[in-house]
Amino acid sequence: MKYAVGLVCLSAVLVFMSGCGASGQKEKVLTVCTENEFADMAESLADYYRLQNPEVRFKVVTLSMDEEKREAEIKKLRTAIMTGAGPDVFVLSTDGPPNTEVPLEPLFENTAKVMKAGVLLKLDDYMEADEAFHREDYVEAVLEAGTFEGGQYVLPISYTMDLMYLDSGVEGIAQWTSSALDVLTEETLRETVPLLEQPFLKNAGTAQLETMWQSQIPALIDYENECLQMEEEEIGRMIAEGTTFTKENLQDVTSLDAADFMEMYDKVRYGNRYFQFPKLEDQYRSGRFAACENEDGKVYGSVQYFAAVGRGCKLPQEAYEYIRLFLLPEFQTGGQVGVGEHYYGNIRPLHQEIPVCRSVREGWLREICGGYIRNEDLPLEELWSVLDKVGVVTIRSDVNRRLEEVWQQIGRDNDNSDKDKLIQELVGFMDLTAKE
């Protein structure tokens with residue numbers, strides 16, 4: 001499906017992009033580059049920022065939703081950005097715009113490589129001088145995903161991680177969690193999933209392992225030391241074993257009665273992309289959440305939405321203050337910031353992901369559950385402790401997309417004739433990505 005260009009056609013914006021650059025010294029103008037789905041949010045937060053800083057003007061521009069126009073825009077933008085020009089602020093998704101028939105290219109295919117290239121502004125001095133920003137209130141592993149060589153270049157807005165919700169009354173899964181109760185191990189899933197008889201549970205356990213492997217593999221790239229953290233043969237073996245396990249155990253649940261499926265789905269949930277949290281209070285009393293650990297005891301997560309400032313911005317303080325709005329506690333709940341009767345910056349496109357700010361989690365949970373969660377006495381500390389177990393976080397990139405494609409191709413290839421070739425190409429691509 002083709003969509004119209006957002007607020008402003010980016011090809012025209014390329015002429016304007018000096019608003020905070022060489023020709024913008026006499027007027028305070030910030031150019032914000034974003035996707036069509038975030039345009040209203042970016043505009044609204046710009047209006048909020050101007051309440052205290054009326055001298056700053058904003059120009060919010062969006063990447064085209066037309067495939068050919070977008071390709072030309074991105075090519076021009078990347079050339080400008082590499083020279084220190086380009087937009088002042090970026091509010092982007094790592095996967096480009098969602099819900100398109102044909103996947104559209106993101107502006108930055110690999111944010112880690114963009115940080116390494118030095119085209120983004122280092123934010124540390126501004127963050128340290130910001131008396132309203134308390135780093136300890138944010139999930140450190142998530143913030144660190146936006147760093148390179150110790151410097152903060154990107155502000156992650158939200159994150160996802162490998163999670164499962166398990167109702168205590170479901171037969172056959174009591175052994176999934178360890179004595180620590182909130183840990184789901186790779187070893188346990190590997191041992192129990194093949195023995196399960198219920199297709200739904202077999203599917204859930206297999207899919208959970210699959211998401212864990214697909215979170216772990218991109219994290220093996222060490223951009224700072226320009227190497228892979230595992231030998232190529234070992235990575236290839238991990239992918240081969242993972243896809244084989246998936247093929248052998250993933251069950252087709254489409255034949256299940258719809259009512260039976262939904263009843264089980266309410267009791268067992270899994271996955272790391274847009275994890276669907278239970279909506280009813282009694283489910284938080286009868287069930288439990290678990291984080292999935294790999295054999296090294298690590299819980300992986302990923303960032304899809306982020307904000308950053310361009311290196312060439314001539315209003316760096318103002319640009320930092322603007323992107324900081326995305327980390328405001330009241331905004332991180334999934335709602336809006338308000339002044340009087342006016343509200344700004346609805347974050348609904350992002351709200352099913354987990355907020356980076358810890359202190360707003362209860363409000364965020366109420367928001368994503370549509371108001372069903374109201375009881376302040378609910379045992380939510382267990383859930384918060386599970387969310388805090390995330391220890392290794394990456395920003396999604398072209399590596400994730402290539403891995404998902406390879407995983408699907410191997411799964412469809414019944415004779416596995418191209419399996420080794422596909423894995424070799426993927427691992428080679430990862431190795432090249434680390435060294436570029």
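**Close-up views of a predicted model**

**View 1. Glu295, an exposed residue.** Glu295 counts as exposed, because its relative accessibility is 69% and the cut-off for exposed is over 50%. The structure shown is a predicted model. Glu295 sits in a loop. That loop runs between β13 (287-293) and β14 (300-303).

**View 2. A patch of negative charge on the surface.** Glu295 is one of the residues that gather here in a negatively charged surface patch. Asp296 belongs to the patch as well. So do Glu231, Glu232, Glu233 and Glu234.

**View 3. An open sheet of four strands.** β14 also takes part in an open sheet. The strand order is β18-β7-β14-β19, and the pairing is mixed. Which strands stand at the edges? They are β18 (354-355) and β19 (392-395). Each has a single partner strand, so one side of each lacks a neighbour in the sheet.

**View 4. The pairing of β7 with β18.** Strand β7 covers residues 158-161. β7 and β18 pair in the antiparallel sense, over two bridges. Ser158 stands opposite Pro355, a residue of β18.

**View 5. The pairing of β1 with β2.** Here the sense is parallel: β1 (residues 28-34) and β2 pair over seven bridges. Leu30 has Phe58 of β2 as its bridge partner. Strands of a sheet pair through hydrogen bonds of the backbone, in a parallel or antiparallel sense.

**View 6. Strand β2 and its cover.** β2 spans residues 56-62. Is this strand mostly covered or mostly open? Mostly covered: five of its seven residues are buried.

Note on methods. Residues numbered from 1 in each chain as written. Predicted model: local features only at pLDDT ≥ 70, side-chain atom pairs only at ≥ 80, totals over all residues. Heavy atoms only, no water. Patch = residues over 30% accessible without salt bridge, like charges linked within 9 Å, V, L, I, M, F, W, Y side chains within 5 Å. Areas by Shrake-Rupley, 256 points an atom, 1.4 Å probe, with all protein chains shown as cover. Salt bridge = Lys/Arg side-chain N within 4 Å of Asp/Glu carboxyl O. Lys, Arg positive; Asp, Glu negative; His and termini not counted. Charge placed at Lys NZ, Arg CZ, Asp CG, Glu CD. Buried < 20%, exposed > 50% of the residue type's maximum accessible area, 1.4 Å probe, protein only. Pairing = 2+ DSSP bridges.
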